[in-house]
Amino acid sequence: MRLITRPLTACAVGLLLLGGGPAPAPAPIPALPPELRGFTARSAAAEREWEGKFRALPSPDSLRAYMRHLSARPHHVGSPYDRANAEWILAKFRSFGLDAHIESFDVLFPTPLERVVELVEPRRFEARLAEPPVAGDPTSGQRAEQLPTYNAYSIDGDVTAPLVYVNYGVPADYERLERLGVSVKGAIVIARYFGSWRGIKPKVAAEHGAIGCLIYSDPKDDGYTQGDVYPRGPWRPREGVQRGSVMDMPLYPGDPLTPGVGATKDAKRLPIKDAPTITKIPVLPISYGDAEPLLAALAGPVAPAPWRGGLAITYHIGPGPAKVHLRVKSDWSLRPLYDVIARIPGTVAPDEWVIRGNHHDAWVNGAWDPISGQAALLEEARVYGQLLTQGWRPRRTILYAAWDGEEPALLGSTEWVEAHADELARHAVAYLNSDSNGRGYLFMAGSHSLERFINEVARDIEDPETGLTVWKRAQLHAIAAADSAADSTAVRRDVRERGDLRIDALGSGSDYSPFLQHAGIASLNLGYEGESGGGIYHSVYDDFAWFSTFGDTAFVYERALAQTIGTAVMRLADAELPPYEFTGLAEAVGRYAQEVKKLLQDAQDGARERNREIDEGVFSATADPRRRVLPPPRQAVPPALDFAPLDSALAALTGAAERYERALAQAAAAGGAALARPQVGALNATLLESERALTSAGGLPRRPWYRHAIYAPGFYTGYGVKTLPGVREAIEQGNWPEATEQVGVVAQALRAEAAVLTRAAAQLAQLAP
Ligand SMILES: [Zn+2]
């Protein structure tokens with residue numbers, strides 16, 4: 001379900017000169033020899049050979065054939081073709097020679113029974129709420145099997161009320177409305193897509209007293225303002241609608257009725273009325289064709305300039321005189337999920353698992369989302385099957401997972417992680433995810449302990465359209481993209497000189513979330529994008545006809561994705577030591593610590609300045625006296641916070657990361673023979689604790705499902721990541737006692753991590769022959 005709305009790698013630079021902590025500069029760590037990280041010199045040579053064989057085998061033709069088959073009919077959760085696809089994937093895994101099975105869960109998945117949106121005043125208009133078939137696109141007309149346009153997990157409701165336009169519907173938009181003297185209490189709001197994950201819009205609307213919510217796709221964001229619309233071009237046509245979940249996933253994803261445990265047949269379930277992640281008000285998504293008459297009927301203040309979209313109307317805010325009737329009613333049945341799991345047993349360390357996943361369910365036909373990623377996963381599995389017949393045997397166990405139910409709420413992955421929590425805590429080395437894939441640049445995000453590793457992999461993959469390595473192309477793209485950064489010179493210097501491209505931190509939006517943020521498993525999310533944009537996300541037009549005309553038409557970035565992740569999985573599975581690297585992690589956490597300090601400083605400066613301007617009369621003097629614009633309210637200036645526990649824990653982490661790196665460099669300099677000794681198993685066991693150590697048992701305040709102290713989706717951004725989330729969100733929400741408490745929680749996690757790394761460094765030193 002991932003939808004990218006921002007530039008690629010290495011763009012979030014800006015604080016690199018601020019330094020991490022008070023530690024004095026230690027002696028430089030000797031550079032590792034050019035062999036593969038975590039391998040002995042000897043096994044590295046064998047690994048290079050197998051990886052080369054692997055990368056020669058993925059075929060655009062078979063990738064195209066998988067996509068054609070899996071996207072041939074609508075395949076949402078509970079549909080006949082969803083089950084048929086699961087069985088087809090199972091048969092494929094088995095035909096590749098892999099041991100595979102289907103694991104099933106029963107989850108709450110509402111589907112629509114009644115949907116009404118109509119303008120009742122000042123004139124009547126009934127919204128169409130349907131996407132018409134397109135000539136030349138054979139699957140767009142499969143009406144009988146398509147899910148209607150709706151937002152899953154909207155509560156049932158039947159409301160009639162004045163309409164208010166709220167822009168993206170994020171908290172800052174409501175502050176603006178307040179200053180304009182507009183209340184949404186008792187109103188139905190209409191918000192546009194983008195600017196936040198969609199589930200945030202009804203959540204914030206309900207918090208402000210709205211009784212209903214419409215979400216529409218404005219042509220400025222992914223329609224004709226961007227380019228030609230489908231079928232002439234790839235962008236969203238007039239009647240195109242973005243389906244999607246509005247469940248409160250920042251609270252917890254997965255089945256709403258079984259938080260924290262697998263939704264097995266006999267699991268204890270909450271009553272539906274007590275499920276906290278279902279919306280508080282009814283919600284429906286609409287096209288810009290349906291939205292235009294509603295927006296055109298609004299009066300009241302003209303919308304501020306940044307709020308105006310691409311329709312040929314003057315955007316007003318309301319409330320009214322437009323009055324809207326909204327009715328939503330769903331079938332709230334439990335439905336079966338079919339996760340397909342394949343296994344390649346490890347020879348030396350079968351109890352260490354490398355896990356690779358991509359979802360197979362879609363909102364409709366879903367050629368791009370998710371089959372472009374699922375096809376790559378299948379092709380990787382096919383190639384592994386071939387290498388197994390040639391004698392390759394992974395050291396660790398590899399699990400391949402085709403998840404069901406990602407679109408509604410990461411259902412298949414979350415329930416599986418919850419059902420296998422104890423085993424995963426003991427066995428999981430890493431989780432590698434993909435979802436939608438396109439043409440362009442390699443996008444790398446995930447745990448910073450894997451930053452060095454994935455940079456090394458990217459240097460070994462060839463970009464199919466330029467012949468550069470995908471790493472080089474991503475680096476050059478990051479240099480070009482730096483033009484738009486405020487500190488572009490510093491960003492470009494960082495991209496050119498650092499060695500590794502910085503990977504983004506993960507929020508939510510795909511199946512890595514339960515692995516990383518609930519189970520504490522080092523994770524990566526990978527894909528190509530940037531040259532094949534469009535506006536068919538979660539519509540009937542995301543299908544084979546669209547993808548093969550406007551997506552990766554030659555299926556060569558499909559091949560590149562299979563080569564990238566196939567290489568990464570193989571390398572993680574074969575290395576004597578998991579190729580984690582922790583000085584980059586310490587550096588990233590240091591940058592996040594600087595960011596939260598600056599956030600507090602900016603909040604203090606901003607409150608002082610705003611109060612001063614209120615006293616000076618700036619707001620009343622500069623607002624048009626004939627229009628109603630209120631000054632913002634006075635703010636209490638945030639107090640100073642004590643970050644010393646964070647700084648000292650960070651210094652401890654930095655020191656431990658450097659000790660580990662030095663020990664590894666010494667082992668590698670000696671040909672890595674130490675890594676071949678049998679005691680390396682104990683060291684592996686220690687390293688497996690490293691991502692787990694960054695979690696806290698109690699989780700985040702008010703959302704204990706999220707346990708990672710460094711990464712979480714934002715409570716008010718949805719997909720967007722909040723790093724050091726406990727501290728950052730407490731500052732954003734002005735909760736100072738909680739901010740102080742959360743500084744302690746993060747410091748404790750960093751100290752636990754430092755202890756793991758110190759232990760690992762000592763074990764590594766003892767291995768030296
Ligand atoms: Zn997806």
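Strand β12 (residues 349–359) pairs with β13 in the parallel sense, over eight bridges, where strands are DSSP runs of E with at least two residues, helices are runs of H or I with at least four, both numbered from the N terminus, and two strands count as paired if DSSP finds at least two bridges between them. Within β13, Ala402 is the bridge partner of Asn358. This is a predicted model, in which local features need pLDDT of at least 70 and side-chain atom pairs count only at pLDDT 80 or more, while totals for chains, interfaces and linings use all residues. Residues are numbered from 1 along each chain as its sequence is written, and side-chain values use heavy atoms, with hydrogens and water left out.

The two strands belong to an open sheet of seven, in the order β1-β11-β13-β12-β14-β16-β15, with mixed pairing. Because β1 and β15 (440–446) stand at the edges with a single partner strand each, one side of each is left without a neighbour in the sheet. From one strand to the next the twist averages 20°.

Helix α12 (residues 451–458) lies across β15 and β16 (523–530) and runs at about 160° to β15; axes are lines fitted to C-alpha atoms, for helices over the stretch in contact, and angles run from 0 to 180 degrees between N-to-C directions. Helix α17 (residues 556–574) also packs on the sheet, touching β12, β13, β14 (428–433), β15 and β16, with contact meaning heavy atoms within 4.5 Å.
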